[in-house]
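Dear colleague,

Please find the structure below for your records. A summary of the findings follows it.

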Amino acid sequence: MNELKQYFYFLIIPLIVIAIYFLNPADIFVNGNELSFVSILISCFMIEYFIQKSKNGEDIYLRPIPAMKAMEEAVGRATEMGSSVLYVPGISGLDEIDTISGVIILGHVAGMTAEYESDLHVPCCVPIVMEAARESCKEAYLKKGRPDLYNDRMVHYVTDDQFAYAAGVNGIMLREKPAAIFYQGKFYAESLILAETGNSVGAIQVAGTGSSSQIPFFVTACDYVLIGEEFYAASAYLSGSPEMIGSIKGQDYVKLLCMLFIGVVFLFSIFNYFEIFTFDMMTLFNINITN
Amino acid sequence: MFIKRQLAIIVMMSMGFLALSGYFLNFPTLREFTDKDAPQWYMIIAGFAAFLGCVNLLQLHIQKVTKKQENWQYSIFTLLGFLVMIVFGFIYKNVDAPWGAHLKDDGSAFYWMYNFVYLPLGSTMFALLAFFVASASYRAFRMRNFEATLLLISGVLLMLGRVPVGAIIPWWVVLFMYISFIFAIIASKIKDKRIFFISFLSTNIIGLVLGTQLKWNITAPLFLSIPSIQEWIMAVPATAGSRAIMIGIALGVLAQSFRIITGRERSILGD
């Protein structure tokens, strides 16, 4: 019965929704977005399936990610050295998923600093991020039973300008000499300026960003880097809740599906090249690719 | 408590679903909301937060100066900069242009400060990046292991391929580089240095003779041209690597968005 229910929820329902989208009754759906719709739907149902599995008690293995283990070590090191922890949430607003992920990870880092009783310093570039970061830190300190250690000044506004912000944060690094620095959020050209200064003060640095062009700079200058999806999985990993961990497994299966599709597209390209058969897969999804 | 917890989660979830459905549903009103109205709402909220940011900045630095906390002297400069820009923006404009328009008027004090103080300072910070790139490259290019050596070689080839001098490097130099690289890899396997030297030398001579016979000095094959190697590195291994990271990022964004929209990820609300 349970299996039947699962088949219904995770196979029949998505198929029905996809069929409705393709039939497009009364022209209620946008034409041309079929591929996006199908991929988002399949991915979401796959993630949901593993969340449910994990909730039902299935043991899920997560490979250890060094950067996430290093987060606690870095905070511990800062406590031992009597220095502060600097957390840089990037230079974008809350309309960027990277910044949201950065603020979520900040909550976990704030929990660690509350536990270890070390100082936390969060300079913000966007005022709305400052407000969210404050709320996140306040809650983390409360959860750890140390609201007395929290003060509003630990999360403060610096400036909106990219390089003025980099100068401000560099100043904080050089004056305070933090023992641990976290860069988690959306970064642009200032990433290397920040990471190199952090390196010069001898801090242990943990970076994470979704800006693919900035990852090489962080890899060069930081001790640990959350690359690609690791950055988005960090909050789920750190929370340790089965629901969140299930979503990571779902995400990995979606990745496997992507790899299979890449293989299929590669095969079709070879067939097309040798003119064994000339079938354009994109016609399946009403997408016309022009050269 | 309801406003801070449940209502916030309801707003977060419903806005997420609305934004997503605006992309797929053929309702112009919904599309207009997701494309125009919602970003405008965000801008309005961000505008209010900007005021809070300014208040926070002033509060923090005034407190530092009045209590003479550590490094309070720097705060004086921050406060001065803040006040000067406010005066030039709202009180003193130095031109006849109307308020607001004076911000873009060549003769206004605000414009002068922006052009000759603010912008050069930003450019100075940006220019510092060159030195940071140099120090980071030095660290990255140290030959600690095989991967770092590969990075160094591809880095050198890229740099050479992107400058005019790269195009005039003859084919036999590139051939010599290839042979040297192969012999560097197998060096540890050959114990006798004499055999190693003789085989290295003879391979180079054979390569030179073969290349001359094949008239590579007239038309060199692509794998012996530095600009072509550079193009290949950028188009094949670099693109493959960056695409793999991009796919990972896209999947990460999707899973994170799913967790937020379904209300499972609530840490952003301080929960």
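Two strands are taken to pair if DSSP finds at least two bridges between them. Helices (H or I, at least four residues) and strands (E, at least two) are DSSP runs, numbered from the N terminus. The model is predicted: local features need pLDDT of at least 70, side-chain atom pairs count only at pLDDT 80 or more, and totals for chains, interfaces and linings use all residues. Residues are numbered from 1 along each chain as its sequence is written, and chains are lettered from A and ligands numbered from 1 in the order in which they are written.

In chain A, six strands form an open sheet with parallel pairing, in the order 3-2-1-4-5-6. Strand 3 (155-157) and strand 6 (224-226) of chain A are its edges, each pairing on one side only. From one strand to the next the twist averages 15° (axes are lines fitted to C-alpha atoms, for helices over the stretch in contact; angles run from 0 to 180 degrees between N-to-C directions).

Strand 5 (residues 204-208) and strand 6 of chain A are joined by three bridges in the parallel sense; A:Ala207 stands opposite A:Val225 of strand 6.

Helix 7 (residues 190-200) of chain A lies across strand 1, strand 4 and strand 5 of chain A, at about 160° to strand 5.

As for the interface, 61 residues of chain A are in contact with 47 residues of chain B (C-beta atoms, placed from the backbone, within 7 Å). Helix 5 (residues 127-143) of chain A gives the largest share of chain A's side, nine residues.

Kind regards

Methods
Two residues are in contact if their C-beta atoms, placed from the backbone, lie within 7 Å.
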